[in-house]
2 protein chains.
Amino acid sequence: KTPSSLTKQGITRWVVVFFIGVCTALIACTIDICVVEITKLKYGFLKKYIDKCVTENCLYMPYLLWLGISCGFAFIASVLVTYGEPVAAGSGIPLVKCYLNGINVHRLHRLKTLFVKAAGVTCSVLGGLAVGKEGPMVHSGAAVAAGLSQGKSTSLGFDFGILKEFRCDQEKRDFVTGGAAAGVAAAFGAPIGGVLFSLEEGSSFWNQNMTWRIFFCSMVSAFTLNVVLSAYHGQIGQLAYDGLLNFGKFPDIPFTLLELPIFIGMGIIGGLIGALFNQMNYHISVFRRRFIVSRWAKVLEVIVVCCVTVTAGFVMIYCVNDCKPLGPKDDIDFPIQMFCEDGQFNAVAAMWFQTPEASVRALFHDQPGTHNPLSVGLFFITYVFLACWTYGLSISSGIFIPALLSGAAWGRLVGLGLYRLTEGAAWADPGKYALIGAASQLGGIARVTLSLAVILIETTGNLSLGLGLMLTLLTAKLVGDCFNAGIYDMNVQLAGLPMLPWSSPPLCYGTQARDIMSKPVVVLREVERVSTVLSVLEETRHQGFPLIFENRFSGSQGNQNSFGMLRGLILRSQLKILLKEKAFCSSPTGSASQPPVSLETFRMYYPRYPTFQGMHFTEEERSSYLDLRPYLNPTPYTVPMHASLPRTFQLFRALGLRHLIVTDDNNEVVGMITRKTLARYRARICCGTIDFVELPLGGHGVQL
Amino acid sequence: KTPSSLTKQGITRWVVVFFIGVCTALIACTIDICVVEITKLKYGFLKKYIDKCVTENCLYMPYLLWLGISCGFAFIASVLVTYGEPVAAGSGIPLVKCYLNGINVHRLHRLKTLFVKAAGVTCSVLGGLAVGKEGPMVHSGAAVAAGLSQGKSTSLGFDFGILKEFRCDQEKRDFVTGGAAAGVAAAFGAPIGGVLFSLEEGSSFWNQNMTWRIFFCSMVSAFTLNVVLSAYHGQIGQLAYDGLLNFGKFPDIPFTLLELPIFIGMGIIGGLIGALFNQMNYHISVFRRRFIVSRWAKVLEVIVVCCVTVTAGFVMIYCVNDCKPLGPKDDIDFPIQMFCEDGQFNAVAAMWFQTPEASVRALFHDQPGTHNPLSVGLFFITYVFLACWTYGLSISSGIFIPALLSGAAWGRLVGLGLYRLTEGAAWADPGKYALIGAASQLGGIARVTLSLAVILIETTGNLSLGLGLMLTLLTAKLVGDCFNAGIYDMNVQLAGLPMLPWSSPPLCYGTQARDIMSKPVVVLREVERVSTVLSVLEETRHQGFPLIFENRFSGSQGNQNSFGMLRGLILRSQLKILLKEKAFCSSPTGSASQPPVSLETFRMYYPRYPTFQGMHFTEEERSSYLDLRPYLNPTPYTVPMHASLPRTFQLFRALGLRHLIVTDDNNEVVGMITRKTLARYRARICCGTIDFVELPLGGHGVQL
């Protein structure tokens, strides 16, 4: 490497990040526009039938039609995920979080996953399910970043031969952090919110340079989104056009000191509802894991949920006769008259006959008289229940929008109450309280604070309520945290993924590395027989193997627990590549003449290493030797056996390690500590008591 | 420790953070209100004289008065800092950054420093110098945090006996991060900007929980500020009142795709001017360090700068006859008529006869016709020169506002040019371009991007230009980085502080730990003679000493370079306390009967450890022993001697270490690596070449 190649590499990094931003935004635009256009077709078609059938008394027909169309989309969404790529299920944010924590989530960033995620979420939203498209967009951004930054696609089987210097975990992780930020920026049009979300929720490591690149990525993504959508809205090039704001432009909203208790109160309610939501969802997920195992059952469940959703909507529209006059200011796409008089429309139908995002917008901005408190209340209960059941289905689905929508519903109820109490005081704006309620609910479910405040500020184009939003969100988070974890962390725990928390469990200063380390340790020698290596690789699933000096027990004392004096560390992936490349030598002392496997070759295989299935070795090869000395890491991270758990944990966490060798005073190997070992010990302190939880870890389609 | 004590500790942390936010905001409010009120008195008084003297032809009198008043304030500001507390000079942000990087900056957080900083910056602004009060407010916030979180004040000599659990570097650092954020939040009324500034510029370590507390601190600070200032403005309790925005409310500003090249162009100009500014300031600082050494010379320089500033202002007002009609919409406090006709005022005088902050507001919001391009241009040149000379004087002074003001000046020029070219097109708003120019200039000087974008968004209450600001800031930063470092980093380097960069210098994979380590290593035995400990402490300045096993050379081989087998590590501060407490024993094997010094005692001394001046030891005490075994850290971080520099660096940086023991294969001590060792190696890559710089490090009043 030369200085100029470093400069080139630095510039390349910015260029790659630029394209990540652009591509992520383009994918998001495509999803957005598809959803809006097809939704229009769907509900336009249904409206025609309903309008006709109300008079002709054939309402079962539009109901069946609605059911059919929705289930059709839901079926596609579910089949894509269930049979196509199960890792694309759910919002994807928990998995991206795990990846950034240092876990190698299998198939997370494949091109196929990206496709299934994007097409899947379009279909789920079109199916009318209680899902959002924002979480999947974050995952899409991450996948785009992982793909673009490697300059090759193993799925498509080609390699551009560029960007080889970024083919390692650390570089890739930095790009993925940027991609996730770009995803948020594209999903909400919130570039700063994107950066903050990536930092608050995703990132496990922190670096100023990385932050600037994330920021750039997020900004490019927002620019691209604005350029495309401003053209779509017929305002070409107007990058600050109000219509680009996802949740509609809020005018300046004043608020006074006296409202702060109300905000705090709403934060508490949101925290409580959120905790209850998470708890319910946890039980549903546990049930699902136990009883809904086969693929067809998963698809069936999606269809059932879809039917229930449509039926609930239809019953509400049919039963609740909430008629409002159709004013010129209402921008309702498909006002359904139902049993209302001429010139009026059914306000409940308006809530169901649009995307969830449009419903959020309606609750934020409709005039105080538009919604009947009873119908909003009913809608809230129905929707929160549906959202809770839906999240975790075998479809690509986000939780952001459903949470915001149900929160906006109860928030608006609070606002309507205040409006009536104060007889229409200027500060008691139901729209404002809908926004606070939405924030509070999502804060209680996802336990996101800073970034969510910024996202809501950016999507409503309003800064003046910022402090109110922050207060509500922090309250909701703190209240929720008293009961359980956020929904993303809960998902991670359920999946048994060994995500490391931010700090070691409390009160464990007495625990030492030797108390938790795994032994016996599988060690290899510097020059090892091929047959030994093969059997070690076949019999264990360890990812790293300590190498020891030839004379197995060095020193004078000969510690009984020792596995030999540490020489270095070799990775499973390296061994696999060496076997594949047949870099063998015949003599047990190694041979210098052997041409070594180059760094290029190692990079070529990244990140999908060869498997044993295709390898065959002759008897002669099996009895020859592998000289590991050119490839071993001579100074792996080690920890003394007497080190406390917090110190071990800190080393592991700060450096993002996957395995750590435990040594005794003589630098001899006595044990190994892996990510799983550490992730297993978790504690939750609440209200003066402490629970130590030993997590059942283990791969659900996840390679560790 | 019990679970309930942990819960209590968690709650205490939030409570402490709350009070940090409140106190920081109160200090900021006090400074703010003092500055505004006394400025009014000052310029009101001067206006009276000028108005009288223009007709009576005695203009030398108001000039001398102006000179006198300004120099009086500047004198106080300078004496306070120079004779009172030199560490309070400058903006304080570089030092806070160093502290958060892990450097123990002496006297940085004393009560006296806080007082000098706050009173000093008030006086410097009142002296009419080209300074801002924002940087010092950040430092004040940090000092408040460090003070409040420890529950004691050594300056005042009392100890509340509370918060003892927070008396350690790591906890204190987390609070200081929060305090810095609260400082920004209070300085600009920008809570999100505060968090981001703390994360982007300050923080060296990253933790989700810490982020939430910083966020809370920042929010509380902004709330307190709004409550106090809304009362001051006569709008009690109106927390979203527009008048609270520092730089005035911007209405929604549209911008189109076609303006992006202009923004990028302005970013490039800002980056260039910023780089030039930094370079000039660097040379001035070097000159100052060499020739302006004595205290009186420092005070004298401040007086000189103050005289030049006032004279420049007066000459401009006298010579440039830029008369504008006094409209009803202009909110100029003291319109000076000078030689203008009745009903008109001198537009140049209006720029000088107010705080720099008010001038920024004027350039952002005045009508297109208010300012004459020539006078704005002249003002820019004068001001940028003055700001460059002023920054680094021995006064408490920030760079934010001067940079924004000079940027706003040239930005407005660009805007005026576009306005004339397009004959008054709606998009060519000079105010908008003044904002972009201000951002670009500050971005070029301080190289802050994300947080500055957010701060400007929050202080103008306008989101729609967000993307434009981001683009300009990133461009300015990238362009500036091609030439030199940001002004804060430059300051740190000049002061010779061993701040560790984010990553190791490039192209140093070949360098090993043993190449850079310091040796011989001063080691101690587990039970050491008091006289030995004393002489070691007196003869060296090391902060940590490796302990070795009694049998100095263990093992069979007896490595010549080894200083003994590693037993643990003891800190200088621990040794000092043990000596002070006279925890001696008479036998060289130690004694179990000796009552050990408790953790409580160690905490009591934190962070000011005893010095030798007060300690006297009898001959008998000198020949007795210190049993270090109960206090030593048995598992200090070590690195193998063959480890590469990047790996050593990463370990050091990620864990925030101050010293690292280098061991050989047998776990014997062969060297030590300190922060200074690593900070010395720096490299700057630019345009295909690489400079390796070996920094001259060493304390300028800084204890390492």
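This report describes a predicted model, from the overall build of chain A down to single residues in chains A and B.

In this predicted model, local features need pLDDT of at least 70 and side-chain atom pairs count only at pLDDT 80 or more, while totals for chains, interfaces and linings use all residues. Residues are numbered from 1 along each chain as its sequence is written, chains are lettered from A and ligands numbered from 1 in the order in which they are written, and side-chain values use heavy atoms, with hydrogens and water left out.

**Chain A as a whole**

Chain A is divided into domain 1 (3-244), domain 2 (259-293 + 355-494) and domain 3 (513-694); the bounds come from an automatic or database domain assignment. Taken over C-alpha atoms, the centres of domain 2 of chain A and domain 3 of chain A are 48 Å apart. The secondary structure of chain A comprises 25 helices and 15 strands. These elements are DSSP runs numbered from the N terminus, with helices being H or I of at least four residues and strands being E of at least two.

Along the principal axes, the C-alpha atoms of chain A fill a box of roughly 95 × 55 × 55 Å.

Of the 704 residues of chain A, 61% are buried. Here buried means under 20% relative accessible area, exposed means over 50%, and partly exposed lies in between, with a 1.4 Å probe and protein chains only. Chain A exposes about 26400 Å², and carbon and sulfur atoms supply 60% of that area. The areas come from the Shrake-Rupley method with a 1.4 Å probe; for residues, only the protein chains shown count as cover.

Among the contacts in chain A with a separation of 6 or more, 76% join residues 24 or more positions apart. A contact means heavy atoms within 4.5 Å.

A:S78 is found in helix α2 (residues 60-84) of chain A. Residues up to four places away in sequence aside, A:S78 touches A:Y83, A:K298, A:V299, A:V302, A:S394 and A:I395.

A:L418 belongs to helix α14 (residues 400-421) of chain A. Beyond its neighbours within four places in sequence, A:L418 is in contact with A:I262, A:W427, A:A428 and A:Y433. The C-alpha atoms of A:L418 and A:L599 are separated by 68 Å, and the two residues lie 181 residues apart along the chain.

In chain B, helix α16 (residues 450-460) has 11 of its 11 residues buried, so it is largely enclosed by the rest of the structure. Among these buried residues are B:L450, B:E458 and B:T460. Just after α16(B), B:G461 takes a positive phi of about 60°.

B:R107 is not a glycine, yet has a positive phi of about 65°. B:R107 sits in the loop between α3 (93-101) and α4 (111-126) of chain B. B:E423, also not a glycine, has a positive phi of about 55°. The loop that holds B:E423 runs between α14 (400-421) and α15 (430-446) of chain B.

The table lists the accessibility of the single residues described above.

| Residue | Relative accessible area | Class |
|---|---|---|
| A:S78 | 0% | buried |
| A:L418 | 14% | buried |
| B:R107 | 31% | partly exposed |
| B:E423 | 74% | exposed |
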